[in-house]
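Subject: Structure for you, with notes

Hi,

Here is the structure I promised. Please open it next to this email and read the notes alongside.

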Amino acid sequence: MTPYVDSHAHLSLISKRGIDTGAMIEKLTAEGFRGILDIGTDSGDLKARLAAFGGNPGVSFSAGIWPSREAIHDRVRQVEILRDSITVAGVGRLVAIGECGLDRHWNIEVEIRKGEAELFAAQAELAVESDLPIIVHSRDAAEETAAVLQGVSGVRGVIHCFSYGAVEAKRFLDLGFYLSFAGTLTYKNADDLSAALAFAPHDRILIETDSPYLAPVPYRGKHAEPGMVVYTYAAAASIRGMPLEELAEKVEVNYRTLFGIT
């Protein structure tokens, strides 16, 4: 069986749609899935996610603060809540800080952007302090994202749902980061993404769904689920000109290496 992993999924949002996530995960495991990383977006959401999905050993967790306006305005307190919340995770279950970062599509005002960068930097520092990788959200903000990461010594991690081209890929790779590709890789307008994927070395690539968002073709426009990651793997293998099984094996190694999952 092909050893698929989904390095970025929001299981809580999938569950809110009435889907039995427990049964879904069991089915995927039986089909050969080797892991799903459930992603945090709110400073206090980890405890509930652990309770809901922690019973499956194939699910690992991150904890982070997505750059919403509410979180940006309350950033000092939110980071302290996050710091306190990560103490509830068992050994080996919390494997990353994030997702966090910069969204310059939605956050356009100068003052909001300043606070957003401070919230991002604080979580990058928390990741270093916790000896964990960081999961970075970067939209329309490649230069600014790189600048924040350069300012935090020792930070490591992944640019999730990578949305740039080969030039930006090189910059993040030079910083030591992994690049994670989502269902957007299967879209017709994915030439820049394809170039970035072709440029990246085998040992720096991850594949994700970002479910329930960004469902790959042939499910574009629908709600994504972790099982749909197989279509992104197939597209990635084709772009890189390598067998699907070989790519999946390399991605699984990368997943376990970056997040310290045994």
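A search of the whole structure finds 16 salt bridges. A salt bridge here is a side-chain nitrogen of Lys or Arg within 4 Å of a carboxyl oxygen of Asp or Glu. Side chains of opposite charge can pair when their charged atoms come close.

Some ground rules before the details. This is a predicted model, in which local features need pLDDT of at least 70 and side-chain atom pairs count only at pLDDT 80 or more, while totals for chains, interfaces and linings use all residues. Residues are numbered from 1 along each chain as its sequence is written, and side-chain values use heavy atoms, with hydrogens and water left out.

Salt bridges

Start with Arg-156 and Asp-131. Their closest N and O atoms are 3.3 Å apart. This pair links distant parts of the chain, 25 residues apart. Arg-156 sits in the loop between α7 (142-150) and β6 (157-159). Asp-131 sits in the loop between α6 (110-130) and β5 (134-139). Helices (H or I, at least four residues) and strands (E, at least two) are DSSP runs, numbered from the N terminus. Arg-156 is partly exposed, at 30% relative accessible area. Asp-131 is exposed, at 58%. The cut-offs: buried is under 20% relative accessible area, exposed is over 50%, and partly exposed is in between (1.4 Å probe, protein chains only).

Next, Arg-171 and Glu-143 form a salt bridge at 2.2 Å, N to O. Arg-171 lies in helix α8 (residues 166-174) and Glu-143 in helix α7, so the bridge ties together parts 28 residues apart in sequence. Arg-171 is partly exposed, at 28%.

Helix α8 also holds a local pair. Asp-174 bridges to Lys-170, with the closest N and O atoms 2.8 Å apart. The two are four residues apart in α8, so about one helical turn separates them. Asp-174 is exposed at 56%, and Lys-170 is partly exposed at 43%.

There is a network too: salt bridges link Arg-34, Glu-252 and Arg-256.

Cysteines

Cys-100 is buried, with a relative accessible area of 0%. Cys-161 is buried as well, at 14%.

Helix α9

Look at α9 (residues 191-199). Leu-193, Ser-194, Ala-196 and Leu-197 are buried there. Seen down the helix axis, the buried residues of α9 fall within an arc of 160°, so they line one face. The arc is taken from the directions from the helix axis to the C-beta atoms. The face turned away from that buried side carries the exposed Asp-191 and Asp-192. The cover over the buried residues includes α8, β7 (178-181), β8 (205-207) and α10 (229-240).

Ser-138

Ser-138 is in strand β5 and is buried, at 5%. Its side chain makes a polar contact of 2.7 Å with the side chain of Thr-145. Another, also listed at 2.7 Å, goes to the side chain of Tyr-164. A polar contact is a pair of N or O atoms within 3.5 Å; within protein, one must be able to donate a hydrogen and the other to accept it, and residues adjacent in sequence count only if both atoms are side-chain atoms. Leaving out residues up to four places away in sequence, Ser-138 touches Leu-102, Thr-145, Ile-159, Ser-163 and Tyr-164. Contact means heavy atoms within 4.5 Å.

Best wishes
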